[in-house]
Amino acid sequence: MSYTPHTEQDVASMLKIIGVKTVDDLFVDVPTKHRFPKLELPEALTQMETMWELEDLSSENLPAGKTAMFLGAGAYNHYSPSIVNHLILRGEFLTAYTPYQPEISQGTLQAMFEYQSMICALTAMEVANASHYDGATSLAEAVILALNTTSGRKKIVMCPGVHPEYRAVVRTYTQGMGVTISGDDMDTADPDTLISHMDDQTAMVAIQYPNFLGQIMDVAKVVRAAHEKGALVCVVTLPVPLGMLKPPGLFGADIVVGEAQGLGIQLGYGGPYLGFFATREKFVRKMAGRLIGQTKDVHGEEGFVLTLATREQHIRREKATSNICTNQGLMALAATIYLCAMGKHGLKRVAELCYHKAHYAADQIDAVKGFSVDRSKPFFMEFVVQCPRPVSEINQYLMDMYGIVGGLDLAPFYSSRKNQMLVAVTEMNTREEIDALVDALKEVV
Amino acid sequence: MSNWTIADGYKYAKSDEWIKQEGGEALIGISDYAQNQLSDLVFIELPKVGASYSAGQAFGVVESVKAAADVNMPASGEVIAVNAELESSPETMNQDAYGKGWIIRIKLSNPADLDALMDAAAYTAYCNERA
C-alpha cells in the first residue's frame, strides 16, 4: 500500500522540470557501488505475526505496576490519574506539531502557557520555558545561561548531591568550552565544603533539593554565599516534594530546574520524561527553549503565541545561547493535566503520603538488625540505608523471592558508599508492601 | 517613493548603520531603511562605555519581533556614551532612526575610516537596488 500522495502524473511533471527521466536518476551523485545496496532483510511479516513478535519482546519487561517498587533515583513510581492518558492520547494532542501558526494552535499554546504558569507557581520563580527533554538537559541549559551572563567566568561549582547522571550530562554539554566543574569529587553533600569551592571565577553553583540521596540541605546558606561571590545559583528539584517543601524561588535561587516525570508521566523504561526550567525575568532573553506568551490579536482578543523566538538558534544562529528550539510538548501537557486534576491540595496530599510512608519505612528498616538508616540530615521520600551485604545481592534476593524491586546500589556512583542502598517510597507503596520489604530484609542478614 | 528616508550629511555602512561625525567624535545608529526592514524593535543589547571596537566589528545587537541583528561599527573607536533610553523604549529607533534613535557616541580612533563609507546618494541607490 502506497502512503505517498503523489500521482504518477505529479511525479512525471516534477521529473520533467528537474530534467531527469526517473526518480533513480536523482541519485546519480551517489557512487554506483553504494547507490542501491542490497539490504539483507528478513521476509516481511504480517501485522498479526509482527504483533506476536513484539509482544514476546515486551513480555520480557517487568512493568512497575506488577512489583513492589522501592527504586527512585530520579524517576519515580507515582500514580498517573486515568484522565492524563485519556486526554493526551487524543489525536488533537498526540499528533499536534510545533505551534508555529498560532491561528490554528490556540489549544496547545494555551496548555503550554498554563504549564509554564504552574511551574512558576510550584517553584516560586518569575518565568518558565515550555520544557526540555529531561531534568539533565535543563541543568545543562542552566549552566550555559550562567556562563553567558557572568561576563567570562568559566567555573561551575557542582554539589555531589546533584544526580550523578545529570552531572555527567553537564560535562558532556560543556566539553570543549574551557569550563571547569569542581566540588563533586566527594561522596557527601555538605554546604560548607561546597562554599569553600566558590570564588570570583564561579559562574554558577548547582545544588539539588532534595538531593540525590533524598536529603534536604541548607539552600539559603548556599545561595547567600554564592551571591556574595557574584555567582548564580541553580537548584535542581522535583515537583512532588515541592507539594510540601519551601520552593527554591523563596530561597533566592536564580534558576530552578528538574525532572517532572513524577507529574503523571509513566516510568516507561526511561522516557519520555520532562525537564522543567524556571528563572528570573532578568534572564529571560538568555533562557533556552520555547517560550509561550500571552498577547492580543488584531481584534483585541486574548491569544497565545510562541514568543521571544529571537533567542532561538534558527533566528539568532551562532549567537544563540543554545541549539534547543523545541520542547517536550506531550509530556508537558501530561504534567499540566496532572496538576489541574490534583490541584494544590491533591499535590500536597501526594507529598505528605510520600514523606510519611518513607519515614515509616525508614523507621522499620532501621530496626532490622544489620541495617541502619542515615539520619544525619532530614530527608523527604528517599533515604540511604547501610546494608550488611552488597546491595546487588540483596536486590537479587528481593526480586527472586518476592518480586520486590529494591533501592539503588549507591556504590557505582559514590565509591565510598559500599553496601549502601538508596530507598525510595511513594504514595504507591502500601503499608503491606513496606512491611513485606522489611520482613524480606530480615531474611537477608 | 520608498518607505524609508535617507538623511543627508550622514555616512552609511553596507550593513545599514549610519555615522555622523562631530569633530573627533561620532554618533552611530541604524538607518531608517534598517528599522523598516526589521519592523518593530523590542530590545537592544548595548555595549559598555569604555569598550573599543574596530570598523566592521559588532558592538551590539538589536532585536525585533522577527529577527535579531548585529549592529556594527562603521568606523573604529571607543564608546564614550550609550543611549540608555533605548533599553526602555527601543521603538525610538523605529520612530526617529537618525535623531533620538542614536545608539552610541564614540571617540574616533581613525577618522579616515569614514572615507570608505557611502554618502546619502550612494546609500539611497544601494537601498533601492535591494528593494
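**Exercises on chain contact and strand pairing**

Four residues of chain A are in contact with four residues of chain B, where contact means that the C-beta atoms, placed from the backbone, lie within 7 Å. The model is predicted: local features need pLDDT of at least 70, side-chain atom pairs count only at pLDDT 80 or more, and totals for chains, interfaces and linings use all residues. Residues are numbered from 1 along each chain as its sequence is written, while chains are lettered from A and ligands numbered from 1 in the order in which they are written.

**Exercise 1.** State which strands form the open sheet of four strands in chain A, and which are its edge strands.

*Solution.* Strands are DSSP runs (E, at least two residues), numbered from the N terminus. Two strands pair if DSSP finds at least two bridges between them.
- Step 1: the order is β11-β12-β15-β14, with antiparallel pairing.
- Step 2: β11 (372–373) and β14 (408–409) of chain A each pair on one side only, and are the edge strands.
- Step 3: within chain A, β12 (residues 382–386) is joined to β15 (residues 420–424) by five bridges.
- Step 4: opposite V385(A) stands M421(A) in β15(A).

**Exercise 2.** Determine how β8 of chain B pairs with β5 and with β9 of chain B.

*Solution.*
- Step 1: β5 (residues 52–53) and β8 (residues 77–82) of chain B are antiparallel, with two bridges.
- Step 2: Y53(B) has G77(B) in β8(B) as its bridge partner.
- Step 3: β8(B) also pairs with β9 (residues 104–108) of chain B, in the antiparallel sense over five bridges.
- Step 4: E78(B) stands opposite K107(B) in β9(B).

Technical notes
Contact = placed C-beta atoms within 7 Å.
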